[in-house]
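Work through the exercises below with the sequence and the structure open. Try each task before you read its solution.

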Amino acid sequence: MEGTKAEAREMRGRLIAERDDNGRLYSEIEAEQKKLEEAKEEMALSMMIPLWDAARRTAGKASERVLKEGVRWLGHVTKHIGEVPIKDITPQIIESTYAAIREERGLSGTSMNHIHILLKSVFQKAIDYDYIYKNPCAHVVAPRREDPKRNSLSIEEGARLMAKVDEAEAEAYAMIDDKESRRAYREERGTARERKAFRGLHHVGNIMAIRIALATGMRRGEVFALIWEHVDLDRRTIRVCQSITHQCKTKTPKTQAGIRTLAIDPTTASHLATWKARQAEELAKIGVKQTEKTPVCCSDTGSWYRIDNFDHWWRNWRKANGFDGLKFHELRHTQATQLLANGVDVKTVQTRLGHASASITLGWYAHAIPEKDHEAANLLGSLLAGNAEEGGKDVATADENPVETPENGEETDLEKMSPLCLQQGQTEAKKKQANRLKKAR
């Protein structure tokens, strides 16, 4: 190499000046920053949503079903403004998009509110990635959620449904017995085939799911995640501590309140005991041993039963039995509504439903206790009418239920005891007064 030391030092200085502390050329860094700026300029909404979805999946805070549903809902938005760069999307554009979606799809306010929450989350992630500096959804009034229709069965309808459940359960057992008798005949003739599943078990399990939901108010995922380990037939309790997804994966409740122990009535416990014994017997015929981990509402092989398969069965069963349109979740509403309407305290109902607070229960089911409002109105009316002498009682109510008086002028037990009670009360009052004076001294 040719050159002087001074030239070498000058060259070294230039090389150092061209690089950062990590040895990277400033020109390369500038080129990368330019690419990032261009990416920001070109980042369309349809390109940002997959990045947002990937971040949600990495966080692991939502189920696969919720993740897919979120992308599907946002599809309504990308259809209109998917190719618009996110930096160019304004609150006015979003509001116009919402109006177009409503007119085109006829979605409810609740659905539109859900879309708004998802879209706002997408833009927030874009802010986190420095693609934009403010969230346009923050300046859009969220579509108003509509009050959900919380339908529930009346006592008469609930009794009719339970009668259908009893009838279906008996028919399911009869079908299994008939099928097994035909198989016994084929076994005698040596024509029976080896089987790896016991056809009909899932049918009984599905019927049990209806019975359990009516008796406990458990959610569908909680019912199909129930295993025998969590059923105490002696104490007549069910322990709720997990739920199952559409992909047959178990998960713990979102809140601690979701983990709870529920009492069940003797009839439900009796049916579950019969089913447990029968399930063990039939599973043994296909070489499967019932254990504490066996699902109560199982498949024909004794494993988890898929919820989507149950949904298909449920639609057909409810229609065939005169309950077309009845949602499985409405069995939960039925439990809460009837318990509150018949005087069960809110705290107990809250615990059975697994709500985090009593305010949630009241917010959903306040309509179930209208008679309490009438009682409050009657009490206040009585007080304002000046019935203090009656101890706050409604005079009209008292007149309708007169106290019986003994004949021949005999004194009642209460009248005989009254002087003694008064005397004892006066004595106690004097003792308390004396004690207070001692302490004062």
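**Exercise 1: A histidine and its surroundings**

Setting aside residues up to four places away in sequence, His-116 touches Tyr-98, Cys-137, Val-140, Ala-142 and Pro-143. The model is a predicted one.

Task: Find the element that holds His-116, and decide whether His-116 is buried or exposed.

Solution. 
- Step 1. Locate the residue. His-116 sits in helix α6.
- Step 2. Take its relative accessible area, which is 4%.
- Step 3. Apply the cut-off: buried means under 20%. His-116 is therefore buried.

**Exercise 2: The chain as a whole**

Task: State how many helices and strands the protein chain has, and what share of its residues counts as buried.

Solution. 
- Step 1. Count the elements. The protein chain has 17 helices and five strands.
- Step 2. Turn to burial. Of its 441 residues, 34% count as buried.

**Exercise 3: Length and bend of α4**

Task: Then say where α4 bends and what its buried residues pack against.

Solution. 
- Step 1. Look for a bend. α4 bends by about 35 degrees at Gly-75.
- Step 2. List the buried residues. In α4 they are Leu-67, Gly-70, Trp-73, Leu-74, His-76, Val-77 and Ile-81.
- Step 3. Recall the helix repeat. With 3.6 residues a turn, residues three or four places apart point the same way.
- Step 4. Name the partners. The buried residues of α4 pack against α3 (45–59), α5 (91–105) and α6 (109–128).

**Exercise 4: Two partners of α10**

Task: Classify the packing of α10 against α8 and against α7. Which residues make the contacts?

Solution. 
- Step 1. Note what is needed. Two packed helices are described by the angle between their axes and the distance between the axes.
- Step 2. Start with α8 (residues 201–216) and α10 (residues 266–284). Their axes come within 11 Å and cross at roughly 160 degrees.
- Step 3. Classify. Angles over 145 degrees count as roughly antiparallel, and α8 and α10 are therefore roughly antiparallel to each other. The crossing of α8 past α10 is left-handed.
- Step 4. Read the contact. From α8 come Leu-201, Val-204, Gly-205, Met-208, Arg-211, Ile-212 and Ala-215. They meet Thr-268, His-271, Leu-272, Trp-275, Glu-282 and Leu-283 of α10.
- Step 5. Turn to α7 (155–189). The axes of α7 and α10 are 13 Å apart, at an angle of about 20 degrees. That makes α7 roughly parallel to α10.
- Step 6. Read this contact too. Asp-166, Glu-169, Tyr-173, Ile-176 and Asp-177 of α7 take part, with His-271, Thr-274, Trp-275, Arg-278 and Glu-282 of α10. The crossing of α7 and α10 is left-handed.
- Step 7. Pick out one residue. Arg-278 of α10 counts as buried at 14% relative accessibility. Setting aside residues up to four places away in sequence, Arg-278 touches Tyr-173, Ile-176 and Asp-177.

**Exercise 5: Cysteines and an aspartate in loops**

Task: Which of the loops holds Cys-298?

Solution. 
- Step 1. Take Cys-298. It lies in the loop between α10 and α11 (307–320).
- Step 2. Check its surroundings. Cys-298 and His-202 are 96 residues apart in sequence, yet 5.7 Å apart C-alpha to C-alpha. Beyond neighbours within four places in sequence, the contacts of Cys-298 include Leu-201, His-202 and Trp-275.
- Step 3. Take Cys-248, in the loop between β3 (243–244) and β4.
- Step 4. Take Asp-130, in the loop between α6 and α7. Asp-130 has a positive phi of about 65 degrees although it is not a glycine.

Key
Residues are numbered from 1 along each chain as its sequence is written. This is a predicted model: local features need pLDDT of at least 70, side-chain atom pairs count only at pLDDT 80 or more; totals for chains, interfaces and linings use all residues. Side-chain values use heavy atoms; hydrogens and water are left out. The bend at a residue is the angle between axes fitted to the seven residues ending there and the seven starting there. Helices (H or I, at least four residues) and strands (E, at least two) are DSSP runs, numbered from the N terminus. Buried means under 20% relative accessible area, exposed over 50%, partly exposed in between (1.4 Å probe, protein chains only). Contact means heavy atoms within 4.5 Å. Axes are lines fitted to C-alpha atoms, for helices over the stretch in contact, and angles run from 0 to 180 degrees between N-to-C directions. Angles under 35 degrees count as roughly parallel, over 145 as roughly antiparallel, 65 to 115 as roughly perpendicular and the rest as oblique. A crossing is left-handed if the near helix is turned anticlockwise from the far one by less than a right angle, and right-handed if clockwise.
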